[in-house]
Amino acid sequence: MLKREKRLERKIARERIAKLFQMMEEMKNKDYELARRYVELAKRIAMKYRIKLPKEYKLKFCKKCLYPYKEGRFRVRIAKSRVIITCLNCGYIKRVPIRPIRKKIDEENKKGKG
């Protein structure tokens, strides 16, 4: 029995996910259903090989209906310390916290004390 090369499998899976998101970006203005299918396949691959989708990919589609965000299909609002993205297809609301960069805060505190 052959041993599976999980690192290689995950590397190939990451490449395929990147390719699917690239194809989704190209197709979202032409064929919206096909773009949604690309997102669905990428998410399925990520789940099968237990790969976390990078944050930049997660912000490109709705978590509930898997439709990619495109002009006129989503609303963005900024409230207090978060960005609120509303999908206009299904009504799902995604809240993304805005956190200041830790290094800048530490440097400002040191300057104030010193």
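Trainee: What volume does the largest pocket have?
Mentor: This is a predicted model, and in it the largest pocket has a volume of about 320 Å³.

Trainee: Which residues lie nearest the centre of the largest pocket, and how many line it?
Mentor: The lining has 15 residues. Lys43, Leu53, Lys58, Phe61 and Lys63 lie nearest the centre. Helix H2 (32-48), helix H3 (55-58) and E3 are the elements that give two or more residues to this lining.

Trainee: What is the make-up of the lining of the largest pocket by class?
Mentor: It has 8 nonpolar and 7 charged residues, and no polar ones. Lys counts as charged, whereas Leu and Phe count as nonpolar.

Trainee: How do you know how many disulfides there are?
Mentor: A disulfide needs two cysteine sulfur atoms within 2.5 Å. By that rule the count is 0. For cysteine 62, the nearest cysteine sulfur is that of cysteine 90, 3.6 Å away, so cysteine 62 is in no disulfide under the 2.5 Å cut-off. For cysteine 65, the nearest is the sulfur of cysteine 62, at 3.7 Å, and cysteine 65 is likewise in no disulfide.

Trainee: Why is cysteine 62 called buried?
Mentor: The label requires under 20% relative accessible area. Cysteine 62 has 0%, so it is buried.

Trainee: And is cysteine 65 buried or exposed?
Mentor: Its relative accessibility is 14%, so cysteine 65 counts as buried too, given the 20% limit.

Trainee: What makes E1 and E3 edge strands?
Mentor: The open sheet has 3 strands in the order E1-E2-E3, with antiparallel pairing. Strand E1 (74-79) and strand E3 (93-97) each pair on one side only, and that makes them the edges. From one strand to the next, the twist averages 20 degrees.

Trainee: How do you know that E1 pairs with strand E2 (residues 82-87)?
Mentor: Pairing takes at least two bridges. E1 and E2 have 6, in the antiparallel sense, so they pair. Within that pairing, valine 76 has isoleucine 85 as its bridge partner.

Trainee: What joins E2 to E3?
Mentor: There are 5 bridges between them, and the two strands run antiparallel. With at least two required, they count as paired. Valine 83 stands opposite valine 96 in E3.

Trainee: Which residues in the two hairpins have a positive phi?
Mentor: In the hairpin of E1 and E2, with 2 residues between the strands, lysine 80 in the turn has a positive phi of about 50 degrees. In the hairpin of E2 and E3, with 5 residues between the strands, glycine 91 takes a positive phi near 90 degrees.

How values were computed. Residues numbered from 1 in each chain as written. Predicted model: local features only at pLDDT ≥ 70, side-chain atom pairs only at ≥ 80, totals over all residues. Heavy atoms only, no water. Buried < 20%, exposed > 50% of the residue type's maximum accessible area, 1.4 Å probe, protein only. Helix = DSSP H or I, 4+ residues; strand = E, 2+ residues; numbered from the N terminus. Axes fitted to C-alpha atoms, helices over the stretch in contact; angles between N-to-C directions. 1 Å grid on protein atoms, 1.4 Å probe; cavity = no way out; pocket = protein on both sides within 12 Å on 5 of 7 lines; lining within 4 Å. Points joined across faces, edges and corners; volume = space filled by probe spheres on them.
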